[in-house]
Amino acid sequence: MIQIDNTQECFVELWRKLEHTRRLHLLQRKRYCIRNILKTWLGTRATDDLIFEVCMRSRLEGYNEMPPPMLSPRDPREFLRAVVSVVMDIGMRSVRYKVLDKAYSIAFPQSTPINVNKKRSKR
């Protein structure tokens, strides 16, 4: 069972746990999808209602294969935002994007940062 909150330390841990879970599911020959990830992470707390809410907020489907976080981080980022949002019972906008993206760079230092091509507004 993991402790989920809206901090950088938690986000780093979630990114690492997501990659660890991907490898675990690969070894177990389990589908690496939202439903199975949540069942692995939360055990019996991962009810159908919780899984449905995470899928709705992330706009991802529960049985679709999740891309590896190191290669394609955008869908996993939305998944993590939704998990934090649902478990903490806060809005998606309350989950801090910049902190989540910085945590990705800490968890996967060899990968390209998520928002590297994002244009900055001129002030």
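Predicted model: local features only at pLDDT ≥ 70, side-chain atom pairs only at ≥ 80, totals over all residues.
## What covers helix α2

Helix α2 spans residues 34–42, and seven of its nine residues are buried, so the helix is mostly covered. Just after α2 comes G43, which takes a positive phi of about 60°.

## How α2 meets α4

Two packed helices are described by the angle between their axes and the distance between the axes. Here, α2 and α4 (residues 74–88) pack at an angle of about 45°, and their axes are 12 Å apart. The two helices are therefore oblique to each other. The crossing of α2 past α4 is right-handed.

Which residues make this contact? From α2 they are I34, I37, L38 and W41, and from α4 they are F79, L80 and V83. Sorted by type, the residues of this contact are seven nonpolar, no polar and no charged.

## Salt bridges within and between helices

Side chains of opposite charge can pair when their charged atoms come close.

The side chains of E19 and R22 meet in a salt bridge, with 2.7 Å from N to O. Both residues lie in helix α1 (residues 8–28), three residues apart, or about one turn of the helix. Are the two partners buried or exposed? E19 has 5% relative accessibility and so counts as buried, while R22, at 22%, counts as partly exposed.

Another pair joins two helices. D101 forms a salt bridge with R77, and their closest N and O atoms are 3.0 Å apart. This pair links distant parts of the chain, since D101 is in helix α5 (residues 97–107) and R77 is in helix α4, 24 residues apart. D101 counts as buried because its relative accessibility is 9%, and R77 counts as buried because its value is 7%. R77 and D101 also belong to one network with E78 and R81, joined by salt bridges that share partners.

R31 lies in the loop between α1 and α2, and E65 in the loop between α3 (48–58) and α4, so the pair ties together parts that are 34 residues apart in sequence. Both partners are partly exposed: R31 has a relative accessible area of 44%, and E65 has one of 47%.

## Two arginines with positive phi

Most residues other than glycine have a negative phi. Which residues other than glycine have a positive phi here? Among them are R29, with a phi of about 60°, and R59, with a phi near 60°.

Where are they? R29 is in the loop between α1 and α2, and R59 is in the loop between α3 and α4. R29 counts as exposed because its relative accessible area is 78%, and R59 counts as exposed because its relative accessible area is 77%.

Technical notes. Residues numbered from 1 in each chain as written. Heavy atoms only, no water. Axes fitted to C-alpha atoms, helices over the stretch in contact; angles between N-to-C directions. Helix = DSSP H or I, 4+ residues; strand = E, 2+ residues; numbered from the N terminus. Parallel < 35°, antiparallel > 145°, perpendicular 65-115°, else oblique. Left-handed = near helix turned anticlockwise from the far one by under 90°. Contact = heavy atoms within 4.5 Å. Nonpolar A, V, L, I, M, F, W, Y, C, P; charged D, E, K, R; others polar. Salt bridge = Lys/Arg side-chain N within 4 Å of Asp/Glu carboxyl O. Buried < 20%, exposed > 50% of the residue type's maximum accessible area, 1.4 Å probe, protein only.
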